[in-house]
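Here's a quick briefing to read with the model open. Have the sequence to hand as well.

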Amino acid sequence: MSITGRDEAKGPDRIRYAMVGGGQGAFIGAVHRLAARMDDEFTLVAGAMSSEPQRAKDSALALGIPTERAYGSWEELIAGEGKRADRAEAIAIVTPNHMHFAPAKAALEAGFHVICDKPLTTTLEDAKALAEVVKRTGKVFAVTHNYTGYPMIRHARAMIEAGELGKIRVVQVEYVQGWLSTKLEDSGQKQAAWRVDPARSGAGGCIGDIGTHAYNLACFVTGLTLDSLSADLSTFVDGRRLDDNANLLLRFKDGAKGMLWASQVAPGNENALKLRVYGEKGGLNWEQEQPNDLWWSPLGQPTVKLTRGTGAVNAAGARVTRIPSGHPEGYLEGFATIYTEAARAIRAARTGEPLDPAVTFPSVDDGVAGVAFIEAAVRSSAAGGSWEKV
């Protein structure tokens, strides 16, 4: 069944959610709002959409949020919504990295479910603390590693789970961009400025921004757990305070080996996320910029192109497919899949009913793993590429 073929009611039964961050001038806030509405599961009812109080309120009002629910800060939002009979059920946190932990923790403790951008936090200590709060409160917590929502990624994961590749031997993943090849942060470009600022981004630059997506995707598809890594983080642009290129060797717990390359200083590349997985029985190749296609190379046989929306796609891929074959389905739909899977979990939490085992989305534990990955990479690089446990 496609992801739009759900049985849940709509209209008044939509999940009410509030947004922290994502106001005027923010790119990712609009992406989250589109994703939340794509499958008609959520309604935005409140917001504290900037760290600047007036901008926060103005941004919410511009989206049609009532004046009394246009808050000047996330603290006001959590306090205000907590008093309402029609309070938001979930809070989406779409701020720069340093503003994930405090509002997420407060939201959980106030009884809200949380949907949070990655990386989870700027330190492993905070990430682990947040995971404990999730465990204690029992609230749904989703991390928006949106690439896990792509249909052909779900198809690839199911193939590996079914043993079609046999024992996995080699995993190669890369996420390559060119947009920070110059010191763009000095131009006043907002998205560049916070990503290269350790106070807002954390210890990792490129490795935290897109390296975590590559790492999460590799683990999600293969089901492997990383044991250790050796990293070489570089800062090629003079005066930049965080890494803009990362080369890593990976050792997985079952003996598989891997390589990860993340770069934001590779001219000619836009959003080149690529994954290759090789096992005893064959290999898979997927590229985000051509998301409808998955290349399958069974050992000793011709390579086959599997295409989204066709009869060649397994149940896991078909389940999150929205539109017919031949139409691109990718970034926004991937985000929407995370929101819709989270909606299913929230609805199950409402009633206490068991969650459909087919539902899957990146959890707080995946978020913790991502922060552990960043810190291990930074330690390794600082020690000349030493092998570090994750």
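This is a predicted model: local features need pLDDT of at least 70, side-chain atom pairs count only at pLDDT 80 or more; totals for chains, interfaces and linings use all residues.

Residues are numbered from 1 along each chain as its sequence is written, and side-chain values use heavy atoms, with hydrogens and water left out.

- Strand β1 covers residues 15-20, and five of its six residues are buried (under 20% relative accessible area, with a 1.4 Å probe and protein chains only).
- Helices (H or I, at least four residues) and strands (E, at least two) are DSSP runs, numbered from the N terminus.
- β1 runs parallel to strand β2 (residues 42-48), with six bridges joining them; strands count as paired if DSSP finds at least two bridges between them.
- β1 also pairs with strand β3 (residues 90-93), again in the parallel sense, over four bridges.

**Cavities**

- The structure has three cavities of 30 Å³ or more; a cavity is a set of points on a 1 Å grid over the protein atoms alone where a 1.4 Å probe fits but cannot get out, and lining residues have an atom within 4 Å of a point.
- Grid points are joined across faces, edges and corners, and a volume is the space filled by probe spheres set on the points.
- The largest cavity comes to about 50 Å³, and its lining includes Pro119, Thr121, Ser201, Val371 and Glu375.
- Helix α12 (residues 364-382) gives the most to that lining, with three residues.
- The second largest cavity holds about 40 Å³, with Ile153, Val221, Arg276 and Trp286 among its lining residues.
- Elements giving two or more residues to the lining of the second largest cavity are α6 (151-161), β10 (272-279) and β11 (282-287).

**Arg195**

- Arg195 sits in helix α7 (residues 190-195).
- Arg195 counts as buried because its relative accessibility is 18%.
- Leaving out residues up to four places away in sequence, Arg195 touches Trp179, Ser201, Gly205, Asp209 and Leu242 (contact means heavy atoms within 4.5 Å).
- Ser201 also turns up in the lining of the largest cavity.

How values were computed. Buried means under 20% relative accessible area, exposed over 50%, partly exposed in between (1.4 Å probe, protein chains only). On a 1 Å grid over the protein atoms alone, a cavity is a set of points where a 1.4 Å probe fits but cannot get out, and a pocket is an open set with protein on both sides within 12 Å along at least five of seven lines; lining residues have an atom within 4 Å of a point.
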